[in-house]
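Subject: Structure handover

Hello,

Here is the structure for your files. Please open it alongside this message. My notes follow below.

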Amino acid sequence: MHRILIVEDDRALCRGVALALQNGEDELRTCHSMAAARGLLEGVDLVILDVNLEDGSGLELLPEIKRASAAPVILLTANDLETDVVTGLELGADDYITKPFSLMILRARVNAQLRRQARCGSVAAGPFLLDFDSMVFTKAGVPLELSRTEQRLLRVLVEARGRTVGRSALLERVWPDGAACVEENALSVTVRRLRAKLEDDPSQPRYIKTVYGLGYVWAGG
């Protein structure tokens, strides 16, 4: 399942885009202003962003999105504003579509961006870009240094995002060659070290949360 945010002030067009992308699996979030978009960024996998919004320019919001999330951004712009396209790409937009546009083409562009992420073996989760194949990890563009054990733990949690993973299952998957010989305290220690690298405040974690008596859950989108 992917979470897609559509930021478009034309309500009819916004509904049309949402209907075109609806497939019964993905979660579609819609809003019409910069202010509303800021509250919907957490956990998104892709953003469709209009340049002209009710309370400002999407070009002003674009750098904020890139700081808050690793999700690709597809920019929507009027077809005679080439400067918007150039500025948007320079600010970090991953693609753009000029208005008026075909909803079929938009759907193809969205799917292409999502496939590109999958081929790269990378996961966009909140402010994190996690590439487990190349072992490159960043938070808001800042590199993170993770041990192999921390990488395995993070991968299990992120792949199950939103679902609790039990301690015994984590022990088996993080230490597949010797889970029976690993002290259960090793898991708590690894979680603590990973939180220290990922969380803004490890004492009040936002991303790796404890489900008492059961295990842990990735809650960061």
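Which exposed residues does the face of H4 turned away from its buried side carry? They are Glu82, Thr83 and Glu90. Exposed means over 50% relative accessible area, buried under 20%, and partly exposed in between (1.4 Å probe, protein chains only).

Before the rest, the ground rules. This is a predicted model, in which local features need pLDDT of at least 70 and side-chain atom pairs count only at pLDDT 80 or more, while totals for chains, interfaces and linings use all residues. Residues are numbered from 1 along each chain as its sequence is written, and side-chain values use heavy atoms, leaving out hydrogens and water. Helices (H or I, at least four residues) and strands (E, at least two) are DSSP runs, numbered from the N terminus.

**Helix H4**

H4 covers residues 82-90, and Asp84, Val85 and Gly88 are buried in it. They sit on the same side of H4, because they cover an arc of only 100° around the axis. That arc is taken from the directions from the helix axis to the C-beta atoms. The buried residues of H4 pack against helix H3 (58-68), strand S6 (73-78) and strand S7 (95-99). Contact here means heavy atoms within 4.5 Å. Gly92 follows H4 and has a positive phi, near 120°.

**The sheet**

Five strands form an open sheet in the order S2-S1-S3-S6-S7, with parallel pairing. Strand S2 (27-31) and S7 stand at the edges with a single partner strand each, so one side of each has no neighbour in the sheet. The twist averages 15° from one strand to the next. Two strands pair if DSSP finds at least two bridges between them. Strand S1 (residues 3-7) and strand S3 (residues 46-50) pair in the parallel sense over four bridges. Ile6 stands opposite Ile48 in S3. H3 lies across S3 and S6, and runs at about 165° to S3. Axes are lines fitted to C-alpha atoms, for helices over the stretch in contact, and angles run from 0 to 180 degrees between N-to-C directions.

**Helix H8**

The buried residues of H8 (residues 185-198) include Leu187, Val191 and Leu194. Helix H6 (148-159) and helix H7 (167-174) are among the elements that cover the buried residues of H8. H6 and H8 pack at an angle of about 85°, with their axes 10 Å apart. H6 and H8 are therefore roughly perpendicular (under 35 degrees is roughly parallel, over 145 roughly antiparallel, 65 to 115 roughly perpendicular, the rest oblique). Leu153 of H6 and Leu194 of H8 are among the residues that make the contact.

Best wishes

Conventions:
The expected span of a helix is 1.5 Å times one less than its number of residues.
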